[in-house]
Amino acid sequence: MSKAQVARMELWPGAWTALSLLLLFLLPALWFWSPSAKYFFKMAFYNGWILFLAVLAIPVCAVRGRNVENMKILRLMLLHIKYLYGIRVEVRGAHHFPPSQPYVVVSNHQSSLDLLGMMEVLPGRCVPIAKRELLWAGSAGLACWLAGVIFIDRKRTGDAISVMSEVAQTLLTQDVRVWVFPEGTRNHNGSMLPFKRGAFHLAVQAQVVPIVPIVMSSYQDFYCKKERRFTSGRCQVRVLPPVPTEGLTPGEVPALADRVRHSMLAVFREISADGRGGGDHLKKPGGPGDAGL
């Protein structure tokens, strides 16, 4: 080995030390002086922490195998996250949950932070219906599978319809509740997208299964992806009275979906305006976010 190579190798420890010191200085500086950097740090930790918690949950859930009762374990492990971020979740109307029958929960979908509100109010034996891509999300996907989460491939309509038919039977025979985001995707515009009708077809197909609407207030007070802003704040989760589906036909599903969306949107505006400045971000009726109302 030449003297030049030896000299370069001797420089490496000092270079790594200097880089470490630079990072130790830059990271706190970015945290305090750059809201965008703070946003990315918080979101990275949020997703990473969930993946880590899933690793811890997997061996515990694996004892039962794939079982909806494992959702209680996931809920217990995730409830503390709101405290890490200074988010206060207030639940109202929990008495509207039917005490001893299956039902379909429909909720608005704003971001991955919906998980915090969901875990706060999630009833027993209730599992979400999620896109199939989540199944391949590492430890989180496996933990969700063990907890009985129902995965559907939205790109393959035939498969999705088949899965929903099976879910309708499961609701009745195994006393299971399901949680659906009928907008179908995350919506950051301060309103609600038009509802997809799968959840409503599911409830009508099962007949004796009511729909329980749940509304989470706007996060705009403390979270905005577009502005790269993520601070502490308050979120209200409102459980609305159940909507019966008994006696309805598939032809009445569109009107049912529109009626439920209309009531949820009214409550969304009410509870969002009740927050600290949340109402300033809401769209007025007739705006682009109200298409399909």
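This is a predicted model: local features need pLDDT of at least 70, side-chain atom pairs count only at pLDDT 80 or more; totals for chains, interfaces and linings use all residues.
Helix α2, spanning residues 35–62, and helix α6, spanning residues 138–146, have axes that come within 8 Å and cross at roughly 35°. The crossing of these two helices is left-handed. On the α2 side, the contact is made by Leu51, Ala54, Val55, Ile58, Cys61 and Ala62, which meet Ser139, Ala140, Leu142, Ala143 and Leu146 of α6. Sorted by class, this contact has ten nonpolar residues, one polar residue and no charged residues.

Attention now turns to the loops, starting with Gln110, which is found between β2 (104–107) and α5 (114–121). Gln110 counts as buried because its relative accessibility is 9%, and the cut-off for burial is under 20%. Leaving aside residues up to four places away in sequence, Gln110 touches Arg186, Asn187, His188, Met216, Ser217, Ser218, Tyr219 and Phe268. With one of these, Met216, there is also a polar pairing: a polar atom of the Gln110 side chain lies 3.3 Å from the Met216 backbone oxygen.

Two further loop residues deserve a look for their backbone geometry. Most residues other than glycine have a negative phi. Asp175, however, is not a glycine and has a positive phi of about 55°. Asp175 sits in the loop between α7 (157–174) and β5 (177–180), and with 32% relative accessibility it counts as partly exposed. Arg228 likewise has a positive phi, near 55°. The loop holding Arg228 runs between β7 (223–224) and β8 (229–230), and Arg228 counts as partly exposed at 30% relative accessibility.

Definitions and conventions. Residues are numbered from 1 along each chain as its sequence is written. Side-chain values use heavy atoms; hydrogens and water are left out. Axes are lines fitted to C-alpha atoms, for helices over the stretch in contact, and angles run from 0 to 180 degrees between N-to-C directions. Helices (H or I, at least four residues) and strands (E, at least two) are DSSP runs, numbered from the N terminus. A crossing is left-handed if the near helix is turned anticlockwise from the far one by less than a right angle, and right-handed if clockwise. Contact means heavy atoms within 4.5 Å. Ala, Val, Leu, Ile, Met, Phe, Trp, Tyr, Cys and Pro count as nonpolar, Asp, Glu, Lys and Arg as charged, and the others, Gly among them, as polar. Buried means under 20% relative accessible area, exposed over 50%, partly exposed in between (1.4 Å probe, protein chains only). A polar contact is a pair of N or O atoms within 3.5 Å; within protein, one must be able to donate a hydrogen and the other to accept it, and residues adjacent in sequence count only if both atoms are side-chain atoms.
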